[in-house]
Amino acid sequence: MIQSGATYVVMGLLDSDSIAWAIGQTIERWGGRVVYTVQNERMRNIFLEKSDRRVPREVLDRLDIRYCDVTDDVQIEKLFSGLDEVAGVVHSIAFANPRTCLGEEFHTPAVDDILKSYHVSCVSLARVVWHARRAMREGGSVVALTFDTSRVYPYYNWMGVHKAALEALVRALARRHGREKIRVNAVSAGPLHSRAASKIPGFNQLHRIWRMMSPLPWDIEADKAQVANMVAFLLGPYAEKVTGQVVVVDGGASVVAGFLLPHERWEYPTALSDDPHEEHDLPRPRSV
Ligand SMILES: NC(=O)c1ccc[n+]([C@@H]2O[C@H](COP(=O)([O-])OP(=O)(O)OC[C@H]3O[C@@H](n4cnc5c(N)ncnc54)[C@H](O)[C@@H]3O)[C@@H](O)[C@H]2O)c1
């Protein structure tokens, strides 16, 4: 899966619920060396504080965590110029102001927020690849994280637009960097519990919808490990001729037309409503 002893940069650590954490743990299990990035020192302290009770101290003590705000080109350049040889990079980063870019109403006059979200969630991948290529002299693999762009989901609004752009960017970068033997792919994950997910209004509803669409059982906590496995596969030598692809790890939800019929569904131990329009957990509709 992973080149044993090789260095992989995993960008986008916030806490031990982050997909980045699951990916880093998987890479380490396969013998890779992980350099994590957090946005800034404050985020690093939050990570260490929040992980104190969940991650053994000896594990926390030996983590290599660096700072990189991906909206600052100088920081991206500094990160990669400080690393000798990198075999792969994971871009597990997204941001959108939930008050303007996500929510009941798609339209917003907050164009600056849309542009910032686009910069962090999409454009930054290009800047990361640009600077990382110097540390990938023998070639390498870059993997970004996306969410189903074939359909339109409630509340996901501008992030859905930016994810579609991110997938187009993955293909453009794959074409541009093939001659340097740098592969660029994305993993499209089903909904997973994380800080970013908790900022999406109606995330619980998305979880409900998934249970009604996914032929395989989908677990928003445990299946981070399955997403991480696919990222590790794409990072490693078994995927040597795979580039420009969006590989879907979503329990099969994306191939199902409509919702699964009751007899087709996995029986989850905790029952959820069959009604996808139920407003439970969602903000009340605005009065007209
Ligand atoms: N959670 C899900 O359901 C889900 C599903 C599919 C794809 N994804 C994608 O997975 C990736 C990771 O998200 P997550 O769910 O682990 O949430 P998370 O909140 O743990 O991770 C998001 C990360 O982006 C970082 N970030 C935001 N702005 C930044 C900036 N300017 N510079 C550097 N870092 C910045 C945050 O600090 C955080 O570490 C995102 O791209 C997300 O869209 C998530």
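Helix α5 (residues 111–132) lies across β1, β4, β5 and β6 (182–189). Its direction makes about 165° with β4. Axes here are lines fitted to C-alpha atoms, for helices over the stretch in contact, and angles run from 0 to 180 degrees between N-to-C directions. Helix α6 (residues 157–177) also packs on the sheet, touching β5, β6 and β7. It runs at about 160° to β6. Contact means that the C-beta atoms of two residues, placed from the backbone, lie within 7 Å. Helices (H or I, at least four residues) and strands (E, at least two) are DSSP runs, numbered from the N terminus.

This is a predicted model: local features need pLDDT of at least 70, side-chain atom pairs count only at pLDDT 80 or more, and totals for chains, interfaces and linings use all residues. Residues are numbered from 1 along each chain as its sequence is written.

Now the sheet itself. It is open, with 7 strands in the order β3-β2-β1-β4-β5-β6-β7 and parallel pairing. The edge strands, β3 (64–67) and β7 (246–249), each pair on one side only. From one strand to the next, the twist averages 20°. Two strands pair if DSSP finds at least two bridges between them. Strand β1 (residues 7–11) and strand β4 (residues 88–91) run parallel and are joined by 4 bridges. Here Y8 stands opposite G88 of β4.

Which residues come nearest to the ligand? They are L14, S18, L145, S194 and A196, out of 27 around it. A residue is near if its C-beta atom, placed from the backbone, lies within 6 Å of the molecule. Two or more residues of this shell come from each of α1 (19–29), β5 (140–146) and α7 (195–198). Helix α7 gives the largest share, 3 residues. By class, the shell has 18 nonpolar, 7 polar and 2 charged residues. Ala, Val, Leu, Ile, Met, Phe, Trp, Tyr, Cys and Pro count as nonpolar, Asp, Glu, Lys and Arg as charged, and the others, Gly among them, as polar.

Helix α7 has another partner. In α8 (residues 203–213), F203, Q205, R208, R211, M212 and M213 are buried. A buried residue has 20 or more other C-beta atoms within 10 Å of its own, all placed from the backbone. The buried residues of α8 pack against α7.

Finally, the whole chain. The protein has 9 helices and 7 strands. Of its 288 residues, 41% count as buried. Its C-alpha trace spans about 55 × 45 × 40 Å along the principal axes.

Definitions and conventions. Buried ≥ 20, exposed ≤ 12 C-beta atoms within 10 Å, placed from the backbone.
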